[in-house]
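Have the structure open while you go through the points.

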Amino acid sequence: MRSTLRARCRPVAGPTRRQIQRSPAALRVQWQQVRNKSTIDLSGIISGADARIDGPGGEVKATETKKPKRNVVFSGIQPTGVPHLGNYLGALRQWKQLQDDVHSSGSGDKLLFSVVDLHAITMPQDAAVLRLHRREMLAALLAIGLDPKKGSTLFFQSSVPQHTELMWILSCTASMGYLGRMTQWKSKLQEDNKAAAITDATMAKLKLGLFSYPVLQAADILVHRATHVPVGEDQRQHLEFARECATNFNHAFKDILISPETITTPSPRIMSLTHPPRKMSKSDPNHRSRIQITSPPAEIRQRINSAVTDSLNTVTWDPEHRPGVANLLELLSQCSPPRKPEAENESGNESWPTPEQLAEQYAAAGAALRDLKADVADAVCRELDGVHERYDDFLHRKGGKWLDEIEAEGAEAARANAEETMRLVRHAVGLGPRPR
């Protein structure tokens, strides 16, 4: 299943809901395809060297075999405190699966996961709260199973100054027109300006950091020479901009920066438990609308049991008219154990039940909503088993110093990795000597 491989990962055009329903399976298969196509032909290799005939006597000599390049995966998350269930199912669980696949395969692929605190200050932040949120996010990443001993490098973005150094250099070749077309910038313009024309007052409220942060996002990726970046659908435009930055720089100077490929991670839409038409969010003032991944089992069960549904006491799959029930079925689908193939004509791969299939099963059994809620609570508690205890342990171990040590080690490794790129970049633009 996990042969050594490598390939260009591109999103599949027009996937159906059934095809992308289960993010973990989709990601695992795609990463295997990425790494499969990077396998070199090992036939004829003698003890790690190529055999060749040399001289008239036909003497067999060994020559050095060029090692395959390793994949580098980079991804980041803003320090908004403890992640909620939507964050976990949409991104963080895929990070751990990438780590586990790389660790078990022994490929040596490099994984860098950053708490991107510089991105957080594009909006006003209380300094003490931001410091706390950075630590909480780092502890949460460790609590879900990301482990430096298994190949994951964890660090704060601000601990690696090469990120901002490369950002400035990229800014000198980036297109303002491209930045102005970024979806999130246009959304912010529309949000702050109800009139058709953009007024001077509206522009005065908007900050340069919000406009230019995609350049920093590109620098985050390019400074580590990332070959692959796991992204959801809402982040694909930003990865395209990172490619644009790499192309512009390489055209103006030298072919130094690597244009990253996409690992698409179809993200389930986990909705609010109190207002299911809206996505689960930390900004919702009602704390009952979400489940934090560090919530104890009793709290998880209480919030799922009180989740808003409707007056019908049956289970059906109807996202448009029954969004609350559909959200519960989505959660159950995401947190259910895999189903092994039963029929002879089924593939040998495990699969996960879709929300539609689960709804059919509940309807056939004549189950009520309380039965669905009980099963969802069991599934979520099982999925997050042990996270609460590990989080509390990591956050307070050695009086908090252990977390500092983990971040310092990760930051040191990330700085060394980024500095390799920056030596080449500085020389190319005339800011440094030729790298030795």
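1. Which residues does Thr153 touch, not counting residues up to four places away in sequence? They are Leu111, Leu112, Phe113, Gly410, Ala413 and Ala414, where contact means heavy atoms within 4.5 Å. Thr153 sits in strand E6, and it counts as buried because its relative accessibility is 16%. For the cut-offs, buried is under 20% relative accessible area, exposed is over 50%, and partly exposed is in between (1.4 Å probe, protein chains only). Thr153 and Glu409 are 256 residues apart along the chain, yet 8.4 Å separates their C-alpha atoms.

2. Before going further, some ground rules. This is a predicted model, with local features needing pLDDT of at least 70, side-chain atom pairs counted only at pLDDT 80 or more, and totals for chains, interfaces and linings using all residues. Residues are numbered from 1 along each chain as its sequence is written, and side-chain values use heavy atoms, with hydrogens and water left out.

3. The overall picture: the protein has 17 helices and eight strands. These are DSSP runs numbered from the N terminus, helices being H or I with at least four residues and strands E with at least two. Of its 436 residues, 47% count as buried. Take the contacts between residues at least 6 apart in sequence: 75% of them join residues at least 24 apart.

4. On to the cores. A nonpolar core here is a set of buried Ala, Val, Leu, Ile, Met, Phe, Trp, Tyr and Cys residues joined through side-chain atoms within 4.5 Å. The largest one has 58 residues, and Leu85, Leu141 and Leu372 have the most contacts inside it. Leaving aside neighbours within four places in sequence, Leu85 is in contact with Met280, Ile291, Ile293, Leu331, Val380 and Leu384. There is also a second, separate core of 38 residues, with Phe155, Leu239, Ala411 and Met422 among them. As background, nonpolar side chains in soluble globular proteins tend to be buried together.

5. Have a look at helix H5 (residues 127–143) against helix H17 (residues 401–429). They pack at about 80° with axes 11 Å apart; axes are lines fitted to C-alpha atoms, for helices over the stretch in contact, and angles run from 0 to 180 degrees between N-to-C directions. That makes H5 and H17 roughly perpendicular, the label for 65 to 115 degrees (under 35 is roughly parallel, over 145 roughly antiparallel, the rest oblique). H5 brings Arg135, Leu138, Ala139 and Leu142, while H17 brings Trp402, Leu403, Asp404, Ile406 and Glu407. By class, that contact has six nonpolar, three charged and no polar residues. Nonpolar covers Ala, Val, Leu, Ile, Met, Phe, Trp, Tyr, Cys and Pro, charged covers Asp, Glu, Lys and Arg, and polar covers the others, Gly among them.

6. Helices H13 (residues 323–335) and H14 (residues 355–364) pack at about 110°, their axes 9 Å apart, so this pair is roughly perpendicular. Leu329, Glu330, Leu332 and Ser333 of H13 meet Pro355, Leu358, Ala359 and Tyr362 of H14. The residues of this contact divide into six nonpolar, one polar and one charged.

7. Staying with H14, its buried residues are Pro355, Glu356, Leu358, Ala359 and Tyr362. They fall within an arc of 160° seen down the axis, so they line one face of the helix; the arc is that of the directions from the helix axis to the C-beta atoms. Glu360 and Ala364, on the other side of H14, are exposed.

8. Helix H6 (residues 162–171) buries Gln162, His163, Leu166, Met167, Ile169 and Leu170. Their arc around the axis is only 170°, which puts them on the same side of H6. What covers them includes strand E4 (72–77), strand E6 (152–156), H10, helix H11 (236–252) and H17.

9. Two backbone spots to check. Arg225 is not a glycine but has a positive phi of about 55°; it lies in the loop between helix H10 (208–222) and strand E7 (228–231). Lys398, in the loop between helix H16 (387–396) and H17, also has a positive phi, near 55°. Most residues other than glycine have a negative phi.
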